[in-house]
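Have a go before reading on.

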Amino acid sequence: MEKFIDNLSSMDLMRSEKMSLVQLIIPVESAHRAVSYLGELGLLQFRDVKRCGEMSRKLRFFKYQIIKAGLLSPIHPVVEPDVELEELEIQLSEHEHELIEMNSNSEKLRQTYNELLEFKIVLLKAGSFLVSSNNHAVAKERELSENVHSNHNYDEASSLIEQEMRTTDQSGLRFISGIICKSKALKFERMLFRATRGNMLFNQAPAGEEIMDPLSAEKVEKTVFVVFFSGEQARTKILKICEAFGAHCYPVPDDLSKQRQITREVSSRLSELEVTLDAGIRHQNKALTSIGYHLTQWMNMVGREKAVYDTLNMLNFDVTKKCLVGEGWCPIFAKAKIQEALHRATVDSNSQVGIIFHVMDALESPPTYFRTNHFTNAYQEIVDAYGDAHSSGLIKFRDPYPFGVDPSWRGSRSELPFLNSLKMKMSILLGVAQMNLGIILSYFNARFFHNSLDIRYQFVPQMIFLNSLFGYLSLLIIIKWCTGSQADLYHVMIYMFLSPTEDLGDNELFWGQRPLQIVLLVLALVAVPWMLFPKPFILKKLHSERFQGRNYGMLIPSEFDPDAEPGPARERQEEFNFSEVFVHQMIHSIEFVLGAVSNTASYLRLWALSLAHSELSTVFYEKVLLLAWGYDNIVIRLIGLAVFAFATAFILLMMETLSAFLHALRLHWVEFQNKFYHGDGYKFKPFSFALTMDDDD
Amino acid sequence: MYGFEAMTFNIHGGYLEAIVRGHRAGLLTAADYNNLCQCETLDDIKMHLSATEYGPYLQNEPSPLHTTTIVEKCTLKLVDEYKHMLCQATEPLSTFLEYITYGHMIDNVVLIVTGTLHERDVQELLEKCHPLGMFDSIATLAVAQNMRELYRLVLVDTPLAPYFSECITSEDLDDMNIEIMRNTLYKAYLEDFYKFCQKLGGATAEIMSDLLSFEADRRAVNITINSIGTELTRDDRRKLYSNFGLLYPYGHEELAVCEDIDQVRSAMEKYPPYQSIFSKLSYGESQMLDKAFYEEEVKRLCLAFEQQFHYGVFFAYMRLREQEIRNLMWISECVAQNQKSRVHDSVVFIF
């Protein structure tokens, strides 16, 4: 039996991989290669030296500088593979340069194009204002004033302008024409009005075409405007405002023939520019496609290099500055592979010194790594969502299910009370069984960690406590089922606490129940201090013993039998805070005692789920399907059938399954796993190119 | 909401308070500053910043960096955060957030007006403006010749308009006038902001009155020191002091008559919070005063985060970030100009 348990306690399938802390001593010249080979292997996690916080910031900076210099300086000509990277770098910078030049060229072209286009639009739109105003001055005035009325309702202003127009028509009236973003037009107009105190006339017309904004590459709606005003001072002001609002001003000649001529010129230059622009865009697209062809590969490569240097940065320089020292975790099964990769790196980089790879004694707890395949991965992820297993913690379990009930209960008056009682009892049986299993698993955990303290002062009292109360309840349930007794179990359980010595009367299920109850109650009461007090005191004693040993210089590190040494104490080697440990143990005990009650009650959710399911299906069957079938109308029957089918598929199958899954998950995580699974480990994150690439994506 | 913020604050302000506290947690730490101070080039600074929240804003900058780029990008991050918060905010928080930017608006107006006076290019000036203090027609400021025009043309549309009522004169703009205008505006702005916070009541009023009083007092001291030896009369000087704060009113009387820095010092030493600031300085020295004030301000801003359910955290966060950007600017400048020994002269650590 002992042997069986020994074999069982390793439970290789269910435990995470055994990890060992290893140290790498790598000569500088093969460092780059070694690290990149390890990355390909993906089976070593480097302990982030930064996080250790021990290395001073200056040394890291220094180290970084040296590594950076080591890459570039000719002192280490052995760093062959970097040439590839350097070539790539040159290539990339060439490409970048080319692209920037192309962009600036096309931007310039685009700007001239825009200007010309705007000029053309201004010519067309503003020209029409001017033509009419020159040829039919009076008509234009009327039109203008109408325009003003309809646009701004500035009554006084328009009349003023009219007067002014008449007086300065031939001599002083000037105008500025230009184009502005539609969104700014209103504010622009208001500003002009304020600046000239109303002595101006603002005419606008939508540009019709949308013009590309060279900065944001968005199409912007613009408005053509013509401002009539008089006086030199007003002119400078208006020009300044135009500048401030980013309005582009273009001169429009008064003369009609000149206007036409300029329009023609502008149009021809526009079409020329269009051709050039198109050619430029085609050229640019070609260059971009050729770059895009290699892009993924390059990004991959640069990402790898970056990962390698990031890892190299994590390595410590040793005293002589010739070697890099790194520490990391690796699963034991992968050691050979890692050594092989390191050897390959040494050979490939022609280094005279081999890479030293040796296993160190681990003081911290190692990371957690489960080898998974596609099937188990999903389950493992669900467990990880709760927390990473403390290394090697046991996990994996599923809830069992199907049972059957005599169909003759169906439809009888006492169907519901019977089923409820049956289901509740089954839930409790299941719950007690699963919680017991959880506690037993904690035994294997403690055994695995060689932690006899946990077995003696945690596992044993927990078993006693749970089984003397709820194990006893389960026993009563089974006896009641077997004997068909009429005893009231609630009554039995409650009076077991309230008056344990009183006679049970009708509720006695078997002979000797009363003394048994007293014994169980005493056992449960004893179990509570048992799990509360001894462990912290023993930990304290062990610690002070070890501290005394430290005074004598730790001659033989293996002086202590590792089996007698509790795992948590080993971690807390440096300082031991008794009150903290005690409070922790107290919380743990209270949690267990209260948890025993609440967790058992929590398993009643199995009954609740089952009840909800059966009630819902009854309702849908009787109130929808049978009701609809009662009518002799095919349409109603069909509708009833459709509703029933819908309810079955979406409510009974989908939603109920989901809620059953969630409740089962909760029972699994909380009620089952809290007995043995701490979830306080951290995940094994090996240095691997495959993972780095995934991260980038 | 007086006295019962805790009950109702989270209905509208809870989300944003969480956001702003999250942002605050992203401020650079002592370790970050240590690393930054060790940098040899601006690229090193960029590398260190890439591990912080500034990373995404700097990662696409091509390698020969300039100090201005770093500062610009860091400010951009602040502006983005501010805009996000403003979008999410409801009244009265949105008004509160807008108040925070008015100070920058005043500075921008003064910058443009001074620049135009010295015939600088408007576009160049606009680039120097703080993005938080931008408003639509800011470029039009260049058109104005005197304060009346300035007000009538441009500022009447901005939230600064009410603050202008005190300083509308027909005098032409010159450096002195502009400086007086800036201080008058600031006075009006601080008083308005103070009144607004008092109206909000509760913890916001309590904390903001402390922060704004400090700001007002600091401005009073700065005005005094800067106006020593100028033609500003005592009465004019007193008019620029804000009408609240620890120094109001008796401290103002004393400051108004100060003729040199030591007199300012003796006036200020009567107030315990400022005594500690001045005790750090040697006699006759005013260079380090700014830093000492900034340090005190940072301390007070950090304290604002100790209390929950008030708007002071938004103000405090914006100010702390601005201080951080100033620090980054100083460090980058020192690194760029090879003056690393002076790095610690002006950096105010935020912890």
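**Exercise 1: a helix pair in chain A**

In this predicted model, the axes of helix α13 (residues 415-448) of chain A and helix α20 (residues 604-630) of chain A come within 7 Å and cross at roughly 145°. Find the handedness of the crossing of α13(A) and α20(A), and sort the contact residues by class.

*Solution.* 
- Step 1: α13(A) passes α20(A) in a right-handed crossing (right-handed if the near helix is turned clockwise from the far one by less than a right angle, left-handed if anticlockwise).
- Step 2: contact means heavy atoms within 4.5 Å. Residues making the contact include Met424(A) and Ile428(A) of α13(A), along with Trp607(A) and Leu611(A) of α20(A).
- Step 3: the contact of α13(A) with α20(A) divides into 8 nonpolar, 4 polar and 2 charged residues.

**Exercise 2: a helix pair in chain B**

Describe how helix α3 (residues 30-37) of chain B and helix α17 (residues 312-336) of chain B are arranged.

*Solution.* 
- Step 1: their axes come within 10 Å and cross at roughly 20°.
- Step 2: α3(B) and α17(B) are therefore roughly parallel (angles under 35 degrees).
- Step 3: the α3(B) and α17(B) crossing is right-handed.
- Step 4: Tyr33(B), Leu36(B) and Cys37(B) of α3(B) meet Glu324(B), Asn327(B), Leu328(B) and Ile331(B) of α17(B).

**Exercise 3: confidence**

Which helix of chain B has the lowest confidence?

*Solution.* Helix α18 (residues 343-346) of chain B is lowest, at a mean pLDDT of 78 (the predictor's confidence in each residue, from 0 to 100). The model scores ipTM 0.70 and pTM 0.62.

**Conventions**

Residues are numbered from 1 along each chain as its sequence is written, and chains are lettered from A in the order in which they are written. Local features need pLDDT of at least 70, side-chain atom pairs count only at pLDDT 80 or more, and side-chain values use heavy atoms, with hydrogens and water left out.

Conventions. Axes fitted to C-alpha atoms, helices over the stretch in contact; angles between N-to-C directions. Helix = DSSP H or I, 4+ residues; strand = E, 2+ residues; numbered from the N terminus. Parallel < 35°, antiparallel > 145°, perpendicular 65-115°, else oblique. Nonpolar A, V, L, I, M, F, W, Y, C, P; charged D, E, K, R; others polar.
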